[in-house]
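Colleague: I have a two-part model open and would like to learn how to read it. Could you take me through the features one by one?

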Amino acid sequence: MAQDGAEMAAGTAEGYASHDGVEHSGFNIHPMDQFVVQPFFSDGPVGMFTVTNATVWMALAVLCTVLLLVVTTRGRNVVPTRAQSMAELSYGFVYKMVHDVTGRDGIKYFPYVMTLFMFIVMANLLALIPTSFAPTSHIAVTAVLALLVFFGVTILGFVKHGMGFLGLFWVSEAPLILRPVLALIELISYFVRPVSHSIRLAGNIMAGHAVLKVFAGFAGALGLFAFVPVLAITAIYALEVLVAFIQAYVFVMLTCVYLKDALHPSH
Amino acid sequence: MEGDIASMGQFIGAGIAGLGAGIAALGVGNVAANFLSGALRNPSAAAGQTATLFIGIAFAEALGIFSFLIALLLMFAA
């Protein structure tokens, strides 16, 4: 899956570069070049199976999560240090969300939701370091996350309720004539879930980073007036910090909503 | 200018698809505006509804992201 995405990204970048034969003045950056997956040590078709920039930045996201949640809380101080209180805040934030949305019987699935949240938020925030790589901007990465949630939730629903899980599609409050139509709509919207779930995250991160690079290109073209796009980049960067957090929050929140539908499927 | 009529159609189509992203912004603004007007009427109930606000924004935004994706597919994959 990751290799498909890598080849797609590399293919699009090359495809664009080939028909972009026009010479630009100044320094010339293409906004989509930053998403190309490149192996570090080897090239050719085997290279995509070795360490690439995507795997490195995903591994760094996991490493940062471990640093934040395991290393800083090792002291177990009653009065937390700054790092420990960050870890406790993020734990409490996700715990409260799971409890509020799915109810008390959803707490059993809190570790998975917490893992998802920490990975996505760390990957998003690390991607904001200049010249770094954004793993969550690739649909290959977010689609795996979303499909795991989709299949996990569907299997959980059938295991918990058997065929009663299909009551999710049978809107019992609606008039009897409308119910088959509504069932069809509910069924379609159920299967669109992983698509919108993954594309929302990937699209937001990719669009944000592409916008930053587009403005960086303006800065190169404007010469003396380069400070105007640089100020704009500063403002957009602040927005992107917000987006990095909100998209992780939205992804996890929707995971909780899907989980609630699986645990309580009656409409 | 160079290029053929097919790539012209492709780029025009990408531009039209990009309009959808702007229209989705209307939807997101509508959600936020209605939340704000409701929150100002009853501030004590507002804090409990921020999760619903974000879910509403996410759903409104998803369709805009879809049209952005169509634009990208037309530009780079078609």
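Modeller: Start with the elements. Helices (H or I, at least four residues) and strands (E, at least two) are DSSP runs, numbered from the N terminus. This is a predicted model, in which local features need pLDDT of at least 70, side-chain atom pairs count only at pLDDT 80 or more, and totals for chains, interfaces and linings use all residues. Residues are numbered from 1 along each chain as its sequence is written, and chains are lettered from A and ligands numbered from 1 in the order in which they are written.

Colleague: How many helices and strands does chain A have?

Modeller: Chain A has 7 helices and 0 strands. Along the sequence the pattern is α-α-α-α-α-α-α.

Colleague: How do I read burial, and what percentage of chain A is buried?

Modeller: Count C-beta atoms, placed from the backbone. A residue is buried if 20 or more others lie within 10 Å of its own, exposed if 12 or fewer, and partly exposed in between. In chain A, 30% of the 267 residues are buried.

Colleague: What about contacts in chain A?

Modeller: Two residues are in contact if their C-beta atoms, placed from the backbone, lie within 7 Å. Take the contacts in chain A between residues at least 6 apart in sequence: 69% of them join residues at least 24 apart.

Colleague: How do I check the length of a helix such as α3(A)?

Modeller: Compare it with the expected span, 1.5 Å times one less than the number of residues. α3(A) has 21 residues and should span 30 Å; its end C-alpha atoms are 30 Å apart, which agrees. α2(A), with 19 residues, reaches 25 Å from first C-alpha to last, close to the expected 27 Å.

Colleague: Which residues of α2(A) are buried, and which are exposed on the other side?

Modeller: An α-helix has 3.6 residues a turn, so residues three or four places apart point the same way. In α2(A), the buried residues are A:Ala54, A:Met58, A:Ala61 and A:Thr65. They cover an arc (of the directions from the helix axis to the C-beta atoms) of only 50 degrees, which puts them on the same side of α2(A). A:Ala59, A:Leu63, A:Val70 and A:Val71 are exposed on the other side.

Colleague: Which residues are buried in α3(A)?

Modeller: A:Ala87, A:Val94, A:Met97, A:Val98, A:Val101 and A:Thr102. Their arc is only 100 degrees around the axis, which puts them on the same side of α3(A). They pack against α2, α4 and α7 of chain A together with α3 of chain B. The face turned away carries exposed A:Arg82, A:Leu89, A:Gly92 and A:Lys96. Just after α3(A), A:Gly103 takes a positive phi of about 85 degrees.

Colleague: How many residues are in the largest nonpolar core?

Modeller: A nonpolar core is a set of buried Ala, Val, Leu, Ile, Met, Phe, Trp, Tyr and Cys residues joined through C-beta atoms within 7 Å. The largest one has 57 residues. Those with the most contacts inside it are A:Phe117, A:Ile120, A:Ala123, A:Val252 and A:Cys256. Elements giving two or more residues include α3 (50–77) of chain B. α7(A) gives the largest share, 11 residues. Look at A:Cys256: leaving out residues up to four places away in sequence, it touches A:Met97, A:Val98, A:Val101, A:Thr102, A:Gly106 and A:Val113.

Colleague: How many residues does each chain bring to the contact?

Modeller: Chain A brings 16 residues and chain B brings 12 residues. On the side of chain A that touches chain B, α1 (2–19), α3 (82–102), α6 (179–222) and α7 (227–263) each supply at least two residues. α6(A) gives the most, with 6 residues.

Colleague: Where does UniProt place the transmembrane regions of chain A?

Modeller: Its positions are given in the numbering used here, feature names are shortened, and annotations may be inferred rather than shown by experiment. The unreviewed UniProt entry places "transmembrane region" at residues 54–72, 109–133, 139–159, 210–230 and 236–259 of chain A. Residues 54–72 of chain A are 95% helix and 0% strand, with end C-alpha atoms 26 Å apart. Over residues 109–133 of chain A, the values are 68% helix, 0% strand and 30 Å.

Colleague: And in chain B, is B:Gly9 buried or exposed?

Modeller: B:Gly9 counts as exposed, with 12 C-beta neighbours inside 10 Å. Its place is in helix α1 (residues 5–41) of chain B.
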